[in-house]
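The sequence and structure come first.

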Amino acid sequence: MTALRELWAIRGRRPAFVAGSLALLALLFAYPALQWWLSSIGVEGGLDYFDLGAYRTAVDNWQAGEPLYVEADDGGYHGSYLYPPVYVLLFWPVSTLAFDTAGHLWNLGSLLVLWLGLQAAVAAYGLRLAVYERGLLLWAIVGFQPVIIAVRLAQVTVLLAGLLSFALAALVYAERQDDGRAQFASGVATALGGTMKLTYAPAGAHLLAERRRFVGAVATGLVLLAVSLAVFGVDAHRAYLDVLTWGKDWGEGSRHPRAWGPAYFRPLWVVDGPVALAARVGVAGGVAVLAVLAAGRGVDAETFALGVAAIPLLAPRAYTQDLVVLLPVVVVLLASELRRPDGRPVVPVIGLGLVAVHAHGLYAMVSVLPGRVPGGELVAEVSPALQPGLWGTLLLVGLAGWRVAEAVSIRRLEF
């Protein structure tokens, strides 16, 4: 039975889930039209491929023997290449193409990796997608607003979400088939998806639960480091440490949502500064502890979901496009919750829906409601606490964390 048929078949048992799923699909299918309209009235921009410019500049600098990381006149590295040196090689093939052509090819390749990765994850859970459903999945991906903003910028987040989707697929397959090679492959894909942006490191939480996945990730990291040192030398890596130290000001100086932009996402704005840093450290520690304690409890996929879902909350500075990474999380939670008699599959549906409308829901709060409806000004003032993407992410982190913690029985711990 195909996915849509299975969904319709459970409408009697899970009416809220089915209704919510259909509503979410309708939203995703319609969103490109909304995006086009917002662009036509000047709320949104077009395909400017802003980040691609930084990537191509890094390739040019490398080929010219100049520094990869260019410090701005006022300090910091805003607008510069910010990733580990080795990943400059990823952009090398498109660096000689015309700018727009390079952006088009980069986006097509990234979308292909994400589309195939999500299909692989779904297949690992044993769900068959008909040919037309594969096409609908692609349209739904294109209609996910964090993907839209990533495509507009020619950002790497779509590619990274695709790599992590393949990591999930290998993990689930390995657990079902007791396949050590697939465990290793999951670690490899996790390292590739989690080391380009080091803020994606929480995606490695599941590595703590299985030795072969951990070995695969470490081996991949060592290979990347060796290639990086051989090609770019030690000085480039010293400069990269400077970039990490800068860390986009480590989240300081966040703007209020009234200074809205499509990429605006500041989940911890209301507790910015030292409190936000302490919260991030606490959550990161909690995720790591849960991952270790839940090892062997049959919740490795949920541990994967917990680590990946936590990325937007733990990053010193995250953006709307980083929310793309939540797509494989939703695959895990839907599969997990639908298997449980007491499961709550409607929660990830609501979470993904909130994330999907984050950018323009926040825009409505700070730019549309004030002055037009009673209480609109108050909504704008408290909008940092009402960010849809924040609540969508919290729902996904909360559900994944609950399921992992549920599997940890104090009585079974050995001291």
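## Basis

Helices are DSSP runs of H or I with at least four residues, numbered from the N terminus. The model is predicted.

## Nonpolar surface patch

A nonpolar patch on the surface is formed by Phe-184, Leu-208, Phe-214, Val-215, Val-218, Leu-222, Val-289, Val-292 and Leu-293. Together these residues have about 730 Å² of accessible area. Helix H10, residues 211–246, and helix H11, residues 274–293, each contribute at least two residues to the patch. H10 gives the largest share, with four residues.

Val-292, one of the patch residues, belongs to helix H11. Its relative accessible area is 49%, and Val-292 is therefore classed as partly exposed, because that class lies between the 20% and 50% cut-offs.

## Negative surface patch

Glu-71, Asp-73, Asp-74 and Asp-242 gather on the surface as a patch of negative charge. Asp-242 is located in helix H10, the helix that also supplies four residues of the nonpolar patch. With a relative accessibility of 45%, Asp-242 counts as partly exposed.

## Ala-230 in helix H10

Helix H10 also contains Ala-230. Is this residue buried or exposed? Ala-230 counts as exposed because its relative accessibility is 68%, and the exposed class begins over 50%.

Ala-230 and Val-86 are 144 residues apart along the chain, and their C-alpha atoms are separated by 9.5 Å.

## Helix H16 and its cover

Helix H16 spans residues 358–368. Its buried residues are His-358, Ala-359, His-360, Leu-362, Met-365 and Val-366. Each of these has under 20% relative accessible area, because that is what buried means.

Which helices are included in what covers the buried residues of H16? Among them are helix H2 (15–40), helix H7 (145–153) and helix H15 (346–356). The cover also includes helix H17 (376–381), helix H18 (383–386) and helix H19 (388–407).

## Leu-27 in helix H2

Leu-27 lies in helix H2, which is part of the cover over the buried residues of H16. Leu-27 is partly exposed, with 27% relative accessible area. When residues up to four places away in sequence are left aside, Leu-27 touches Gly-353, Ala-356 and Val-357.

The C-alpha atoms of Leu-27 and Pro-146 are 14 Å apart in space, while the two residues are 119 residues apart in sequence.

Notes:
Residues are numbered from 1 along each chain as its sequence is written. This is a predicted model: local features need pLDDT of at least 70, side-chain atom pairs count only at pLDDT 80 or more; totals for chains, interfaces and linings use all residues. Side-chain values use heavy atoms; hydrogens and water are left out. Patches are made of residues with over 30% relative accessible area and no salt bridge: like charges are joined within 9 Å, nonpolar side chains (Val, Leu, Ile, Met, Phe, Trp, Tyr) within 5 Å. Accessible areas come from the Shrake-Rupley method with a 1.4 Å probe; for residues, only the protein chains shown count as cover. A salt bridge is a side-chain nitrogen of Lys or Arg within 4 Å of a carboxyl oxygen of Asp or Glu. Buried means under 20% relative accessible area, exposed over 50%, partly exposed in between (1.4 Å probe, protein chains only). Lys and Arg count as positive and Asp and Glu as negative; His and the chain ends are not counted. The place of a charge is taken as NZ of Lys, CZ of Arg, CG of Asp or CD of Glu. Contact means heavy atoms within 4.5 Å.
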